[in-house]
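Please look over the sequence and the structure shown here before reading the short report that follows.

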Amino acid sequence: MIDLLPAEFKRQIGRKGSFYGSMVWVGLFGLGVLIWAIVSSTSTGDVAVESGTGLITFAVILAAIVVGATAGSYDVAEGTMRYLVLTGRPRWQLVIVRVLALPVTVTLIALPAIGLTLLASSIAGGVAPSGTEVFDLFYSPLMSGLLYGILSLAIGMFLKSNGVAIAVAVVLNFAGLLIAGLIYEFVSRDLANGFFPIVASVVIEREATTGADETLSLGTSIVILIVWLVALVGASLGRVQRAEY
């Protein structure tokens, strides 16, 4: 299966509309932080990194949803899946290789914006960002992109539609807290805390919330999130195994 990775990676970055479009989209946020650092007299390095982390994370999630959904459903939509199956490769390899290539694709999409933010931080001067803040600049966008990218990729493969996958993943991202709140209020507190957007947010932020809106611990959230991802990829794998192309 390892020999399939370079080909799948080229396929993902070769879809110029989704890949380069996503890179430009995310890069605009890094460019915005850079322009702010240049023109603002109150900009500081730590604020530039902190602001860039939030903005880039938001942008990367949307980009990863599009790239993931496209990677999951493209071959079915274009009618080329039958030719991949006819090569004799096990179908599970055709699924897993997409999941393995996606982190590299998401990283390439995010790196230019992250670089622009680091440049903005050095230009801004003042209070320098801490090591933790710099770590978060890399960790938050990449982890967010990985999680929501796999989510949309799995949905795209399962439903054979990138449009539906994008819609579902976007709704879970933006309305996830609202949906979880409704589950929390009317169904089950534990079920709400195990909802994908909630455990994903705990892992992305690396801490659980406390108080009235207390969530599961980081360790428990990681375990549940792994279960979510395995279940999503497993469901899409089952669909691919049974499908006729």
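## The largest pocket

The largest pocket has a volume of about 720 Å³, where a pocket is an open set of points on a 1 Å grid over the protein atoms alone, at which a 1.4 Å probe fits, with protein on both sides within 12 Å along at least five of seven lines. Its volume is the space filled by probe spheres set on the points, which are joined across faces, edges and corners. The model is predicted: local features need pLDDT of at least 70 and side-chain atom pairs count only at pLDDT 80 or more, while totals for chains, interfaces and linings use all residues. Residues are numbered from 1 along each chain as its sequence is written, and side-chain values use heavy atoms, with hydrogens and water left out.

## The lining

The lining of the largest pocket comprises 33 residues, and Leu177, Pro197, Ile198, Ser201 and Glu205 lie nearest the centre (lining residues have an atom within 4 Å of a point). Helix H7 (162-186) is among the elements that give two or more residues to this lining, and H7 gives the most, with eight residues; helices are DSSP runs of H or I, at least four residues long, numbered from the N terminus.

Ser121, in helix H5 (residues 91-124), counts as buried because its relative accessibility is 10%, buried meaning under 20% relative accessible area with a 1.4 Å probe and protein chains only. Leaving aside residues up to four places away in sequence, Ser121 touches Gly45, Ala48, Val49 and Pro129, a contact being heavy atoms within 4.5 Å.

Asp75, found in helix H3, is also buried, with a relative accessible area of 1%.

Conventions:
Buried < 20%, exposed > 50% of the residue type's maximum accessible area, 1.4 Å probe, protein only.
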